Amino acid sequence: AMHTALGFAALPPGDFGLSSISDSTISTFNLHGSVAEYGRTNVSRLHLIGTGSDTALEMKVAQVTNLSGFDLYCNSYAGIFYDNTALTGGKFYSFEKMVIRQSGNVVFNMTDTLDTLIAQIYSYQCAGSIAKGRWDNEVSDAWDHNTAIVIRDCNFNGSTVMQALDLPRVQQARMDNVWFQNCEYPADLSQGQWDINTLQTH
């Protein structure tokens, strides 16, 4: 069910296909699967379909984004999964309780982060970055870095081509209980300020 006015979509149990959606009206976007207490036990599954390179979910004016509770089968889809970088200035993100497979491009494309959470994300055989963060360089409010990203209880497995976490120049960031397994390119956390507790690469 999609409630456009509220920017809310709920996926019941089962399998669903998505090619591309672009919106320029929703300021707060929520996409949730059926309730799952743990990110590896989702019963809603979203499959990216098509052979194009369009962004699957492009929310052009969404300042707040909340995605959780579904498995994402990218099927090497050539486009980005989620993007709201057309909007400049501070933005808030929450990505939780998802299993992500075979991304061909960036999954979560972010800019100018504030109060952002990435938790219980489990990825497998992804060529695209799970999370990418950049800045728009607007002089007003000095948007020249990302801020306040928390990453916890995640496992990134078999990432190639792009960094699993492409997050340079992040200030006031924290990482807890994160594991990179068999990743050719685990992460770019350069030029940042990170408090890291229990990080493993294997």
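Thr116 is buried, with a relative accessible area of 1%, where buried means under 20% relative accessible area, exposed means over 50% and partly exposed lies in between, using a 1.4 Å probe and protein chains only. The model is predicted, so local features need pLDDT of at least 70 and side-chain atom pairs count only at pLDDT 80 or more, while totals for chains, interfaces and linings use all residues. Residues are numbered from 1 along each chain as its sequence is written, and side-chain values use heavy atoms, with hydrogens and water left out.

**Surroundings of Thr116**

- Thr116 belongs to strand S12, which covers residues 113–124; strands (E, at least two residues) and helices (H or I, at least four) are DSSP runs, numbered from the N terminus.
- Leaving aside residues up to four places away in sequence, Thr116 touches Lys91, Phe92, Tyr93, Met110, Ala148, Ile149 and Val150, a contact being heavy atoms within 4.5 Å.

**The seven-stranded sheet**

- Seven strands form an open sheet in the order S4-S7-S9-S11-S13-S16-S19, with parallel pairing.
- Strand S4 (21–23) and strand S19 (187–188) stand at the edges with a single partner strand each, so one side of each has no neighbour in the sheet.
- Two strands count as paired if DSSP finds at least two bridges between them.
- Strand S9 (residues 82–83) and strand S11 (residues 108–111) run parallel and are joined by two bridges, and Tyr82 stands opposite Phe108 in S11.

**Salt bridges**

- The structure holds five salt bridges, each being a side-chain nitrogen of Lys or Arg within 4 Å of a carboxyl oxygen of Asp or Glu.
- One of them joins the side chains of Asp15 and Arg45 at 2.9 Å, N to O; because Asp15 lies in strand S3 (residues 14–18) and Arg45 in strand S6 (residues 44–48), the pair ties together parts that are 30 residues apart in sequence.
- Asp15 is partly exposed at 47% relative accessible area, and Arg45 is also partly exposed, at 25%.
- Arg134 forms a salt bridge with Asp166, with the closest N and O atoms 3.0 Å apart, and this pair links strand S13 (residues 131–134) with strand S16 (residues 165–166), the two residues being 32 residues apart.
- Arg134 is partly exposed, at 28%, whereas Asp166 is buried, at 12%.
- The side chains of Asp195 and Arg174 meet in a salt bridge of 2.9 Å, N to O, and since Asp195 lies in strand S20 (residues 194–201) and Arg174 in strand S18 (residues 173–181), parts 21 residues apart in sequence are tied together.
- Salt bridges that share partners join Arg174, Asp176 and Asp195 into one network.
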